[in-house]
Amino acid sequence: MKPHPDLYLNGAWRPAEGDALIEVINPTDEQRIGHVPAATPADIDAAVRAARTALPAWSTTLPTARAAHLTALHDILTARKDEIAETVTAELGSPLPFSQAVHASLPIAVAASYAELAATHPFEEKAGTSTVHLEPIGVVGAITPWNYPLHQIVAKVAPALAAGCAVVLKPAEDTPLTAQLFAEAVHEAGVPAGVFNLVTGLGPVAGQALAEHPGIDLVSFTGSTAVGRQIGATAGAALKKVALELGGKSANVILPSADLARAVNVGVANVMSNSGQTCSAWTRMLVHSDRYEEAVALAATAAAKYGDRIGPLVNAKQRARVLSYIDKGIAEGARLVAGGTQPPRPQGYFVSPTVFADVTPDMVIAQEEIFGPVLSILRYEDEEDALRIANGTVYGLAGAVWGEEAEAVAFARRMETGQVDINGGRFNPVAPFGGYKHSGVGRELGTHGLGEFLQTKSLQF
Ligand code: NAD
């Protein structure tokens, strides 16, 4: 993927107003691989105006016509799957097999689901004597993070296009090349000019200008809770709708009836995949005191096997942040049983797969999102204790429960969290994804995700 020196505005690649640039670094070897424009608020304004101009025609296109564009987009992404994986590996650093299996394949599946939903979703329904029309909300400002670069984009842009919205996308600074590849695919899919616009830029400049712009009807944001809170406040003051997908600190609850080895091994794999940079990662493992030491030994062995198989963190700042949490865990008195702060390689932003035992619920490493390959193992005495610990953070994005199925389901129903995997249930790209509490507002994926981009109008007869 050759970087574009321009922004994608109103159906074409056009130069940005200013000449500021964002450097793109490969986190595996710390080498510069390209640069993209850092947009100004004037560029954001131009993109929003293009989207507003395109909205009336796009919002009244037949859903089947929008579905045809999404099918074309899906087919192009599928044809460019290898290039997507290589681009994500270059700018995020994830090992190529993971980029192929997850970073490329997941968004392709999500694009397919919205191509189908655009064609089949009932955009009109009956309520007594009324006809209720589900109409596009308008122009969407989409702001995305770097951790799943293409998935985060597709999870917003595909349902927005399916709903009949126009979009201005501001992707993360660290992974703009994947966003440019996506813009090329949208262009190739024949989506009309102005319906999708890509503006690369810095969060506090371009992102903030987008969130504040009066021409935006919905801000759909995925990222940190701190920035999400700020965006929510700005949007609230302007009475603008927001969808916020934020941080997490999910619990992996292993009940006494569970297959312990399987629960621990899958739990460790869950935390180490994508080098721990997954908002829904089960970073707190909860084990009954009777089997605690057995679980700790299994987790330490499993983590050691990941040794040099995981990729680096995305940048030097994230690595420093994660290492400071490991130092904090040691200082708080947690027992380090795998990994630590020693760099596993001399070059690249790598952190060793790390496991802490004897973590108590009040420790910083049990409360705050670390966003790196760091697992905390906590001890519980009975089910009520486990529930208190599981629900005892400000977050509520995801989680897991292992045990006899009915028991596990009953426990999961009492968890304050948006999604729970029972006995290793697989990620489902059409199941609603989103947070309770400080993990967010709204849902992505499937029909619930589509609903975020719609508003209702009822006609009485
Ligand atoms: P971040 O909040 O720093 O950045 C996310 C996006 O917001 C980027 O595009 C950034 O440029 C932009 N941004 C930054 N400051 C802004 C501002 N003042 N106004 C407008 N936009 C601004 O987050 P990050 O470090 O890129 O991503 C990691 C975080 O994202 C983690 O906390 C993680 O849990 C969260 N996340 C959540 C989900 C979810 O679905 N709940 C998914 C992935 C990541």
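**Entry 1. Elements around the ligand**

I looked up which element gives the most to the shell around the ligand, and found that α7 does, with four residues. I note that the model is a predicted one. I then listed elements that each supply at least two residues of this shell: α7 (203–212), β10 (218–222) and α8 (225–237).

**Entry 2. Domains**

I checked how the shell relates to the domain assignment. Domain 1 (7–246 + 438–460) and domain 2 (251–429) each contribute at least three residues to the shell around the ligand.

**Entry 3. Residues of the shell**

I counted 29 residues around the ligand, of which T144, K170, S224, L246 and E369 come nearest.

I looked up individual atom pairs between protein and ligand. K170, one of the residues that come nearest, has a side-chain N or O atom 2.7 Å from an oxygen atom of the ligand. For W146, I found a polar side-chain atom 3.0 Å from an oxygen atom of the ligand. At Q208 the backbone takes part: one of its N or O atoms lies 3.5 Å from a nitrogen atom of the ligand.

Terms used:
Residues are numbered from 1 along each chain as its sequence is written. This is a predicted model: local features need pLDDT of at least 70, side-chain atom pairs count only at pLDDT 80 or more; totals for chains, interfaces and linings use all residues. Side-chain values use heavy atoms; hydrogens and water are left out. A residue is near a molecule or strand if one of its heavy atoms lies within 4 Å of it. A polar contact is a pair of N or O atoms within 3.5 Å; within protein, one must be able to donate a hydrogen and the other to accept it, and residues adjacent in sequence count only if both atoms are side-chain atoms. Domain bounds come from an automatic or database domain assignment.
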